[in-house]
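Welcome! Here is a short tour of one protein model, from its overall build to the spaces inside.

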Amino acid sequence: MTCCLLPLFLLPLVSSIMADEPAGCKIRITNRGLEMLKYETQKFVEEELSNITMPEMKGKEGRFQYTITDVKITELNLTHADLRFQPDVGLLFDVQNSSITLSFHRRILYWFFYDTGSINASADGVNINTVVNLIRDEEGRLKINNITCDAKIAKMRAKFSGTLGRVYDFLASFLTTGMRFLLNQQICPALNHAALVQINSMLETIPVRAEVDSYIGIDYSLLSDPIVTSRSLDMHFRGMFFELADENNTLVNYAVDPVIREYDRMVYLALSEFFFDSGMISYYKAGIFQMHIANEKMPKDLEMLLRTTYFGTIMLLNPALVEAPLSLQLAVTSPPKTTIKTSGATVAMTAIVTVMVLPPGQPPVQLSSMTMEAKFNAKVSMKGKRLAVHADLRRFKIFSNQSALESLALIPLQAPLKTMLQISVVPLINNWTKRGVQIPLADGMDFIEEVVEYHNGYIVIGANLHFSRGLRDMIETKMQGETDSTDNTV
């Protein structure tokens, strides 16, 4: 009985551990960032409301029979619009005391008189209160879960034109009452569709699991629902690279949980040592931290120094090999380790360097094996929404795996091997890291004016936001891509 109950007692503990998984990547959007989003949101809402379609109105009032068609919103004046954080929920978009101008076509029969013309109407005291609830969906993606909307129009006025315009003025009150009711009924459904369908479609452009290159991918799944306060919206992502050949393998994050304390800039990105280490581990498992330098890839100065150093060894093995080509094989023995301190970021790497002689038509012959320890300065930078790292060799030493005496003999090789690293290995590393990796930001949004700050165990990048495309364009591009994909499938 005890053994059966034990898993039930452990379940809350396991759930707690899973829920408290540290984030490798965090993003904070502040009130300043929301101000930038407010303009795009207001423009998007105006476009959505402009596309509202109204049903045909028919009716009879006394001896008047009327038909109202072709209702169009010609102008919106959402001057008193506000976008702000709704703590523990998401976002609040609030419109107060704004106005809408409409035009529609009338057909009126009065006794034997038939008249047509246009009507211009204006709705004043337009109030729209919309609360958007943001959650983490099953895939770990940011999503609008539901929207609470309340729309009211305080009053509406209509002005008739045409021959009998003045005669029909008394109908204005009756018609505008019905029109105001219908318009009230159309506003919230239009905004619901915009949020739950169109904006969710745009949010799908934020990468959750994506390929970085032909070797590794990145996991940006949210670990929990967004944390919303009156000052910011914080999102905690797994922030873990993975090897494409073993994409279901999840690494355990033991790193320091990054902390964002600032609110001055529009957006902040925090990355822990785990974020970078998972990339190193994934590249290591993919086997890219290996290099074979021989023939034309071997610098002449280094080849001559190797021949001088190992001349005696070659003569003892086989004097006929004196003119045979030499090679260096470099193999990293374990994943490079990232260390982030207030002074900056470094990457430590240990590798085995093997010196070989290559007899023509015969297997390679090992001359020596040595251990190389190197430390690189890592400079983190942002461009648009791509994060890149540039490495510079900071410290280097080699020693023999065989004897202390041989380690002394290797001292002359220190400088040329260091140069070889700077010329061959460091560019190889930078070739992979300079391409950068996209951060979890929607298409059309970029970081600008970035400032990188280093802390113990993590970095924080503060930046402002730039929209390279409007919200409408971002949504239409996503939907067009889905249409093209469907057409190609068919």
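## Overall build

The protein chain has 9 helices and 22 strands, where helices (H or I, at least four residues) and strands (E, at least two) are DSSP runs numbered from the N terminus. This is a predicted model, in which local features need pLDDT of at least 70, side-chain atom pairs count only at pLDDT 80 or more, and totals for chains, interfaces and linings use all residues. Residues are numbered from 1 along each chain as its sequence is written, and side-chain values use heavy atoms, with hydrogens and water left out.

Of the chain's 490 residues, 49% count as buried, meaning under 20% relative accessible area with a 1.4 Å probe, protein chains only. Among contacts (heavy atoms within 4.5 Å) with a separation of 6 or more, 69% join residues 24 or more positions apart.

## The largest cavity

Searching the whole structure turns up 3 cavities of 30 Å³ or more. A cavity is a set of points, on a 1 Å grid over the protein atoms alone, where a 1.4 Å probe fits but cannot get out; its lining residues have an atom within 4 Å of a point. Grid points are joined across faces, edges and corners, and the volume is the space filled by probe spheres set on the points.

The largest cavity holds about 740 Å³ of space. It is lined by 42 residues, and Leu-37, Leu-91, Ile-199, Met-202 and Leu-203 are the closest to its centre. Elements giving two or more residues to this lining include helix H3 (172-203) and helix H9 (471-489), while H2 supplies the largest share, 7 residues. By class, the lining has 36 nonpolar, 3 polar and 3 charged residues. Here Ala, Val, Leu, Ile, Met, Phe, Trp, Tyr, Cys and Pro count as nonpolar, Asp, Glu, Lys and Arg as charged, and the others, Gly among them, as polar.

## The second largest cavity

About 60 Å³ of space lies in the second largest cavity. Among the residues lining it are Phe-289, Gln-290, Met-349 and Leu-428. Helix H8 (414-433) is one of the elements giving two or more residues, and H8 gives the most, with 3 residues. This lining has 9 nonpolar residues, 1 polar and no charged ones.

## A look at Ile-187

Ile-187 sits in helix H3 and is buried, with a relative accessible area of 1%. Leaving aside neighbours within four places in sequence, Ile-187 is in contact with Leu-49, Ile-52, Ile-128, Ala-151 and Ile-153.

Key:
1 Å grid on protein atoms, 1.4 Å probe; cavity = no way out; pocket = protein on both sides within 12 Å on 5 of 7 lines; lining within 4 Å. Buried < 20%, exposed > 50% of the residue type's maximum accessible area, 1.4 Å probe, protein only.
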